[in-house]
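Work through the two exercises below. Each one has a task and a stepwise solution.

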Amino acid sequence: MKFAFILYGLQWALRITALRYPMFRARLKEKDFSVQIRVADNSMGRTFIFKGGRVSSRSGVRQDCDVDISVKSAELGAELMMPPVDHLKRIEAIKAFSLMAVGPDELVSWFSETVYMMQRAGWTWGTPVANGETRYVNNTNGGPVFVYQKAGKIVRLTPIDFDDDDAGTWTINARGKEFTPPRKSSISPHGLASKSIVYSKERNLYPMKRVDFDPNGDRNPQNRGVSGYERISWEEALNIVEAEIKRVNRSYGPGAILAARSSHHTWGNVGYYISAYNRFTNIIGATQTMLNPDSWEGWYWGAMHHYGHSMRNGAAEIYGQVEDCLQEAEMIVFWASDPEVTNGVYGSFEGTIRRQWAQELGIKMVHIDPYLNETAAFMGGKWIAPRPSTSPALAQAITHVWMTEGLYDKEYVQNRTTGFDKWQDYILGNDEEGVARTPEWAADETGVPARDIRALAREWASKKTYLAAGSMGTTLGGACRSATGAQWARAMICLMAMQGLGKPGINFGGLQFGAPIDYNFYFPGYAEGGFSGDLQNSGNAISLYQRMPHLISMNPTQQAVPRLKMPEAIMDGKAEGYPIDIRSIEGQFFPVNYPSPGHSKVKMMYKYGGSYIGTQPDSNRYVKMYQSDELECVIAQAIWHEGEVKFADIILPACTNFERWDIGEWANPGGYGYDWVGQLNHRVIGIQHKAIDPLGESKSDFEIFHAVCKRLGHGAYFTEGLTELDWVKRVFDASDLPRHISWKKFLKKGYFVVPPEPEASRPKTSYRWFAEGRKKDVPEPHPLPGSYGENFLDGLQTQSGKIEFESNSLKRYGNDPERPPLNKYIPAWEGIHTSDLFKKFPLQLFSPHARYSFHTKGDGKDSAINDITDHRREIDGYFYWIARISPSDAADRGIEENNLVKLYNDRGAVICAAHVTERVRPGMIHSRQASAVYDPIGKPGYSADRGGCINNLTPNRTQSLKTHSAAYNSCLIEVELWDGGSNIGHGAAEANNQIAGAGNALETAGQD
Amino acid sequence: MKKWNLLIDVAKCHNSQNCFLSVADEYQGNTHPGYAAEMPRHGHRWIDTKKKERGQAPMVDVAYVSTMCMHCDDAPCIFAAKNNAVKKRDDGIVIIDPKLSKGQKHLVDACPHGAIWWNEELEIPQHWNFDAHLLDNGWKEPRCAQACPTGALKALHVEDSEMEKIKEEQNLEEFNPQFKTKPRVHYKNLHLYNKCFIGGTVVFVENATEDCLEDANIVLKKEDEKLDEVKSDTFGEFKFDGLDPNSGSYQLEITHDGFLGLSVEVELEESIYTGVHTMQAR
């Protein structure tokens, strides 16, 4: 009875909503069809007829409806349809086949979305401001923004100034001073330049097909990247995508489709790759791309073995360090740490002001970096410049001074560490190698004067010192991406173990992390998987899945391609890698082989974004891979026409985050970036208003995946009948926000500032518990309970529960000669000791992250960032990537400022603008990585790149062969004035800028 | 009457380029009638951050100075303009009218600060107008100041008398005082950009081992007159800053108990790291 009444009411609800809201009225005009909702035993039912924008209904059960929805019983039907919707009940009914919808996917999705749409027909959003503009909110990878819109166009983006209604701000008292951050959000350059890449002439605005790709005839894979495109309709594009997915599955079996993406995406919880993309690729059963831990590398493969933290990929705890550092520390050593450039990945300039406070307090600073980085230039202090890849030797020499002069915390070493005696024997040369790791020994290796090493070691030991190790300071990034990356990260742990990690003023950090904010307020990070339902490959299972019940998605295809070996997998048909498995320290020891047993090799690629040629090592390999006939079809779903997108057969145009709905918290990745919001001065959670309509015919990723899924009958499963905005509301409901702000207000205003933690309940300082031998008391749920050897919360994740100078896990593994249990110095496999190569290519290429762009985001695309003369240099109307060279190396080669130069080795050549600077130590070239532009002068993959893809030059060898790790910074090259040719080797090419001429170069190169 | 000023602290600028990007965001693709026409997509730097690297490895420092229309009280562009195309507003802001200035390319040369840019397509001279259209709509500061992550760039809306006091107290300078245009953009710590330093490292050798010498006393002299005195730090390093470029010869006298004194002659052109000075035991 109740159910019958609800169904009768539904007709009226649809009509009244249409009467009140023109948008809903328009919606009803989209489709003419009939849908029946009935009890499964046909005891009751009602049919709704949509025709010409009108809705009518009649009771009774029929056989001729377009869509048939059935529920097991009238009681269940009433429960499921009575608002507010109980999503848990709903999906349980779906899983139990108690709620079924049969009919064309398009109509099922449309009907469900329309019913949901009624509840939001009256929603309003945005704040009217002066000049006829409306102010919306969005999140970027570099901070939240106000988006001012007028007449369907974005006028401007600004950081957010908090108002009086927003929560308060914390204060830290340190050494008699009070420090309070400004009441606004900060923004990274790539975030601030967003408008210029939204309105970019490089946008993919229409579906495109490569002109000589004929899915029913000649596919011409060898012409990928060369042949150009023609515009096609969405209908045509989806026809091809649908047909190709079906064809390769039927022809080859599971595993034939490879899904590949980058590490980052446009911000949000719904549209983010770990959400929509994971759900999609699970649904189509694609072979996955197995990522290397690209931000962690040495920390994951190395540091973890001395102190645990597998669930942070080997990175350290990040609590309380801001207060402790400002109150107690006397010195900060920044080692391969340039937070003013790397911005805590997503943290904008939030840490900047805190470093300015440290400067104001007179805390001394030392900067160890082959390049006088921006943080060093900004903060001042001693600059120590080791050769790239030699930092572990520098660390050993510091250790030598501490050991020989007794300058370490003996009580701490005694009680909180193991294996020190063996470590000491190695450092002092009392072991089988017999080499004392003295400052003089390290001076030869690193190029740092022995006197500076001694002075640093003594100063460090005599002062309470923070070690800002890597980009985050609290470990991560830094010198972790070279042949010695794991050695360096391991060295950082061993150094701090000798100085009393966790004691007041002695910790990891460069004031980037550990601010006194509220760490308990729940809002999901992007790695919690949004609506992916992916319990295996996201953090969904931990909290979000319980808080936001939705259908799980699981990939039946148990095959993965290691990203760093993708070209070998495709072209040679096999590859081996090692996984990111954060459950345990040992998870990384399990090899992953491609192809998987019984699976098809990859025949088709579904690529999301186009960053590989700019970001992956030895990236001419990827170019060659795309031109291989092993790939019968390449689909690119991408916002911009850049990088390897230009190698696809079909391009599906995606829109930016300003053109779709989403919701997200600034700098909150969740997952192994647990509590990264701790780098913010204020936690800001924002709705991501759809400020403008998608440009051209572009669509949101969600919409594109949905469109493909509908072709395969998976449409209703993909969306669960919800639109993006419905999912945004569900994420809101799943978080702690509803306890503090109404949906209506949040949707309208667009953001919420989480109140700061009261002083009395601020988190304890990282590792204080460990230093004092107490149970762990920082608010991270790591490691897993089973990883404590004895009592819960007692000790670290290592076998001994202590910091291990001699690693038990590496000892147990016993299988990697490049990672011995003691962190022995093994010189880089490409560097100053590889003499034949060094003679040929005598310069070390050092390629840290770009400052103004974020990976490939913000670069190229006709972006405003191109005009920044420290990012690119405009020479004769072309924006060249920059190579920084020391005055002596420049003089030796006749190179002057802004000369166009060729950086080259046997792997490739890149044309750059020279910047001659004293900030680069002699013997190396500094050129940041991740160009979005790949612009080969001759044949792609075999000629010099004018776009600036420095990674054409870097080696593809993993740091140690038993890892899946990149080693960009162990790379030898030579540099010369560019002669205008396309050849990748030394000297003149046969022709200038002629593809035909470059073909000769190709033949030469191809024979190598 | 309160007027707008911009205060730029060179010591606080770390070249985020957020000021430049704010201008690009505000003026590219947007027309602000009566205030500004669209800024070209590339090539214009209405706010332009200049860079100065000083010294030689291992003693190198870097200064960044943002420059822009100085909103001069004696603005040469106002006198050079025809049709009253450039106006001085009561709040101190200089505005080049995007319509009246059409074709007046000579205004580009009229600005001694190089802050006026020629828009080839629209045939108008353009500059950064302090975001006057936003201030007139109630904004509290121009966008470059709002987006500056370090506080290097601050807008001050104060009486001229108050500004004079601030200039005095904070030792503010003009970027190009030689032009005498009474700019409303004021600089702090400008010596990091336009002055020089002399630096060096003091070491000693004992038992064939070289070490940095801390607390050595270094006196800087010019023509036997003592100018300054500093101590070497943990790494034996010392630095005298604020010297004029191309200012001739200086003498360094390095002393430390237990060592023989050292005297070093320095010819100063640009900032110079004088190298490693080894002290001999008495």
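Buried area is the accessible area, taken with a 1.4 Å probe, that two parts lose on being put together, summed over both. The model used here is predicted.

**Exercise 1.** Describe the interface between chain A and chain B: its area, its polar links and the elements of chain A that build it.

*Solution.* 

Step 1. Take the area. About 4400 Å² is buried between chain A and chain B, and carbon and sulfur atoms give 48% of it.

Step 2. Count residues. In contact are 58 residues of chain A and 53 residues of chain B.

Step 3. In one salt bridge, Asp862(A) meets Arg41(B) at 3.4 Å, N to O; the cut-off is 4 Å.

Step 4. Assign elements. Those of chain A that each supply at least two residues include strand 9 (153-158), helix 13 (352-360) and helix 19 (450-462). Helix 19 of chain A gives the most, with 7 residues.

Step 5. Sort by class. The chain A side has 25 nonpolar, 11 polar and 22 charged residues.

**Exercise 2.** Characterise the packing of helix 10 against helix 20 in chain A.

*Solution.* 

Step 1. The axes of helix 10 (residues 298-307) and helix 20 (residues 485-499) come within 7 Å and cross at roughly 35 degrees. The crossing is right-handed.

Step 2. List the partners. Helix 10 brings residues including Trp299(A), Trp301(A) and Tyr307(A); helix 20 brings residues including Trp488(A), Arg490(A) and Met492(A).

Step 3. Sort by class. This contact has 10 nonpolar, 4 polar and 1 charged residues.

Key. Residues are numbered from 1 along each chain as its sequence is written. Chains are lettered from A and ligands numbered from 1 in the order in which they are written. This is a predicted model: local features need pLDDT of at least 70, side-chain atom pairs count only at pLDDT 80 or more; totals for chains, interfaces and linings use all residues. Side-chain values use heavy atoms; hydrogens and water are left out. Contact means heavy atoms within 4.5 Å. A salt bridge is a side-chain nitrogen of Lys or Arg within 4 Å of a carboxyl oxygen of Asp or Glu. A polar contact is a pair of N or O atoms within 3.5 Å; within protein, one must be able to donate a hydrogen and the other to accept it, and residues adjacent in sequence count only if both atoms are side-chain atoms. Helices (H or I, at least four residues) and strands (E, at least two) are DSSP runs, numbered from the N terminus. Ala, Val, Leu, Ile, Met, Phe, Trp, Tyr, Cys and Pro count as nonpolar, Asp, Glu, Lys and Arg as charged, and the others, Gly among them, as polar. Axes are lines fitted to C-alpha atoms, for helices over the stretch in contact, and angles run from 0 to 180 degrees between N-to-C directions. A crossing is left-handed if the near helix is turned anticlockwise from the far one by less than a right angle, and right-handed if clockwise.
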